[in-house]
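Welcome, and thanks for stopping by. Below is a short briefing to read alongside the model, with the main points grouped by topic.

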Amino acid sequence: MQSIKRVLESLRNYRLISLGALFSLLLLTVANAVTPQLFRWGIDQGIVKKDLQIVLYSAAWMVVAAIARGVFNFGQSYLAEAASQGVAYELRNKIFSKIQNLSFSYHDQSQTSQLLTRVTSDIEQIRAFIGTSLIQVISGVVTLASAAVILLIMNWQLALITLTVVPMSGWLMARFITQNDRLFRQVQEQLSDLNAVLQENLIGIRVVKAFVRESAERSRYTGLNDALVKANMKTISAIRNTFPFIFLLSNLVTLAVFGYGGAQVIGNTFSIGELVAFNAYLVLILQPILLIGFAAPAIAQAAASAQRVYEVVDAAVEIRDRADAIPFETCGGRITFENVSFRYPGAATEALKDVSFETKPNELIAILGMTGSGKSTVMNLIPRFYDVTQGAIRIDGRDVRDFTLNSLRKHIGIVFQETTLFSGTIRENIAYAKPKASLEQVMEVAKTAQIHDFIISLPDGYETIVGERGVGLSGGQKQRIAIARTLLTDYSILILDDSTSAVDAKTASEIQAELDSMMRQKACVTFVVAQRISTVKNADRIFLIDKGRLVAQGTHEELMQTSPLYGAILESQVKKKQEAGEQGSRGQGAGSRGAGGT
Ligand SMILES: Nc1ncnc2c1ncn2[C@@H]1O[C@H](COP(=O)(O)OP(=O)(O)OP(=O)(O)O)[C@@H](O)[C@H]1O
């Protein structure tokens with residue numbers, strides 16, 4: 001319930017609208033309370049005394065009260081909805097920007113679909129709580145209290161009989177909420193799990209089909225769908241176990257009012273008009289109890305949802321600016337790894353162990369190693385996607401943790417191993433980090449990345465729309481667009497993490513040749529996680545990584561002389577190249593990564 005308190009606190013930003021809703025609610029309660037009194041007046045003073053004028057007057061006032069009820073009802077629900085939309089809007093923005101800020105380690109450990117459910121369905125539960133359930137509860141309490149006071153004034157004995165229903169129903173409701181809180185949380189979690197399978201399936205639909213796993217996937221989904229239905233049915237039976245008792249109580253009270261009140265009317269201690277009015281107030285007692293009852297599950301659900309949403313909102317951002325962080329402005333080209341060790345959060349072993357090196361200005365460093373040896377990890381630490389566990393990384397003598405993250409990352413151009421493009425045009429994708437870049441600038445980098453000719457061969461050229469994650473392009477084409485995208489940024493340190501793995505060897509070396517002069521002009525240091533001999537040969541120095549350690553470094557020739565591991569990797573590459581040549585390699589995707597034992 002702590003989370004519900006927090007949701008209520010967020011209404012502070014919508015104070016006026018919320019007060020407006022509350023004010024409408026109070027006026028509605030007054031209009032509701034007045035109506036039975038008009039009945040009583042009309043019956044006792046009009047019908048019983050045969051005074052037609054009073055009958056007509058009371059009827060006219062009833063119409064006024066009905067209109068007022070309509071107006072205030074509208075005002076109350078409209079304003080409550082407006083406040084709820086505002087809170088949901090803010091929460092959605094808050095959680096989205098939090099997701100943008102959360103570190104890689106958070107995203108490594110959380111499921112995308114779980115986050116999606118929190119942004120969509122959980123926030124919707126919170127919105128429905130503010131827009132509907134909350135107002136139901138407040139209106140219920142206010143109506144109940146005011147009707148109780150009126151009943152006590154009208155006939156305290158009958159009122160006491162009637163009001164016994166309140167604590168009994170209240171107890172049933174409280175029991176219902178406390179007993180089923182976990183159940184409602186479970187429903188949301190089951191929904192998340194179901195979404196997770198759906199999302200994974202949509203992303204991997206090609207793999208599913210290729211491995212003919214449709215029916216296995218179907219039964220996985222159906223299994224979770226069954227579990228969701230079961231959890232939902234449990235909540236329904238919990239509702240069924242509570243509500244009939246409340247209905248029974250309300251019916252018993254009606255009987256008591258009819259019996260005891262009727263006897264008082266016969267004994268002339270209570271008028272017919274009063275009995276009718278009393279009965280009408282009874283509705284104002286019982287209806288709120290039911291409304292609160294109906295709101296209870298929604299409140300329990302909203303509490304569970306709010307907890308899940310605030311879990312993300314409150315998640316610690318591990319990688320952040322120091323209080324005294326300074327902007328990274330220029331790079332002299334001296335990047336130092338000082339006894340760097342790194343363990344991924346939750347991992348059993350260290351991915352990097354005591355790695356030390358220093359680069360020289362304008363150096364082109366190739367990083368080579370077996371798959372899983374830690375090459376990408378070395379690269380991930382420079383832009384602080386993760387912080388070192390031990391040791392330090394310095395740029396021109398300054399610890400990378402001293403720089404503001406934004407300035408540091410803006411100066412590091414990185415092409416990831418796995419290419420992600422966004423839906424939109426090719427031009428938009430290349431200009432992702434520089435949306436205002438001119439077409440000429442976009443074309444220039446596309447030429448360097450050896451993708452310009454392909455782009456202009458398309459009917460819509462640079463305006464060609466690429467689908468989600470670059471659907472419609474080959475792996476190699478996507479990679480080249482990703483390279484162009486990075487080249488357009490204001491990088492001073494360039495990192496190419498196996499970025500031509502899906503490009504054929506010939507094109508890759510053309511890209512390399514184009515990049516070579518450009519990199520040396522623009523970048524203070526370039527790192528190339530390499531799988532190909534050509535790239536390695538061009539490098540000023542090669543770092544050989546093995547099982548998280550920097551085991552050798554030097555030029556191609558030096559390593560050929562001194563490192564048996566280097567020799568073995570190159571030998572396997574040459575062999576692979578020959579095999580590929582024999583098979584008449586089709587190019588794209590064939591010269592692939594992994595030479596070193598991939
Ligand atoms: N996000 C992560 N969480 C936990 N462990 C990770 C994570 N990423 C990588 N690892 C582990 O760290 C080690 C080094 O991985 P890394 O990606 O740096 O290797 P790599 O040399 O780049 O491999 P490849 O050539 O296959 O890309 C591996 O054992 C890997 O399993």
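Two strands pair if DSSP finds at least two bridges between them. Helices (H or I, at least four residues) and strands (E, at least two) are DSSP runs, numbered from the N terminus. What you see is a predicted model, in which local features need pLDDT of at least 70, side-chain atom pairs count only at pLDDT 80 or more, and totals for chains, interfaces and linings use all residues. Residues are numbered from 1 along each chain as its sequence is written.

**Confidence**

- Where pLDDT is low, the predicted coordinates should not be read in detail.
- For the complex, the predictor gives an ipTM of 0.96 and a pTM of 0.77.

**The sheet of 6 strands**

- Follow the order E6-E9-E10-E3-E11-E12 and you have traced an open sheet of 6 strands with mixed pairing.
- E12 and strand E6 (412-415) stand at the edges with a single partner strand each, so one side of each has no neighbour in the sheet.
- From one strand to the next, the twist averages 15°; axes are lines fitted to C-alpha atoms, for helices over the stretch in contact, and angles run from 0 to 180 degrees between N-to-C directions.
- Strand E3 (residues 363-369) runs parallel to strand E11 (residues 541-546), joined by 5 bridges, and Ala366 stands opposite Ile542 in E11.
- E3 also runs parallel to strand E10 (residues 525-529), again through 5 bridges, with Phe527 in E10 as the bridge partner of Ile365.
- E11 and strand E12 (residues 549-554) run antiparallel and are joined by 5 bridges; here Ile542 has Gly554 in E12 as its bridge partner.
- The hairpin of E11 and E12 has 2 residues between the strands, and Lys547 takes a positive phi near 45° there.

**The sheet of 4 strands**

- A further open sheet has 4 strands in the order E2-E1-E4-E5, with antiparallel pairing.
- Its edge strands are E2 and strand E5 (398-399), each of which pairs on one side only.
- Strand E1 (residues 335-342) pairs with strand E4 (residues 390-395) in the antiparallel sense over 5 bridges, and Glu338 has Ala392 in E4 as its bridge partner.
- E1 also pairs with strand E2 (residues 352-358), in the antiparallel sense over 4 bridges.
- Within that pairing, Thr336 has Glu358 in E2 as its bridge partner, while Phe342 stands opposite Leu352.

**Around the ligand**

- The ligand is surrounded by 13 residues, the closest being Tyr344, Thr371, Lys375, Ser376 and Thr377; a residue is near a molecule or strand if its C-beta atom, placed from the backbone, lies within 6 Å of it.
- Helix H11 (residues 375-381) gives the most to this shell, with 3 residues.
- By type, the shell has 3 nonpolar, 8 polar and 2 charged residues; Ala, Val, Leu, Ile, Met, Phe, Trp, Tyr, Cys and Pro count as nonpolar, Asp, Glu, Lys and Arg as charged, and the others, Gly among them, as polar.

- Helix H1 (residues 2-9) and helix H10 (residues 272-313) have axes that come within 8 Å and cross at roughly 80°.
- H1 and H10 are therefore roughly perpendicular to each other; angles under 35 degrees count as roughly parallel, over 145 as roughly antiparallel, 65 to 115 as roughly perpendicular and the rest as oblique.
- From H1, Ser3, Ile4, Arg6 and Val7 meet Ile299, Ala302, Ala303, Ala306, Gln307 and Tyr310 in H10.
- The residues of this contact divide into 7 nonpolar, 2 polar and 1 charged.

Key: Two residues are in contact if their C-beta atoms, placed from the backbone, lie within 7 Å.
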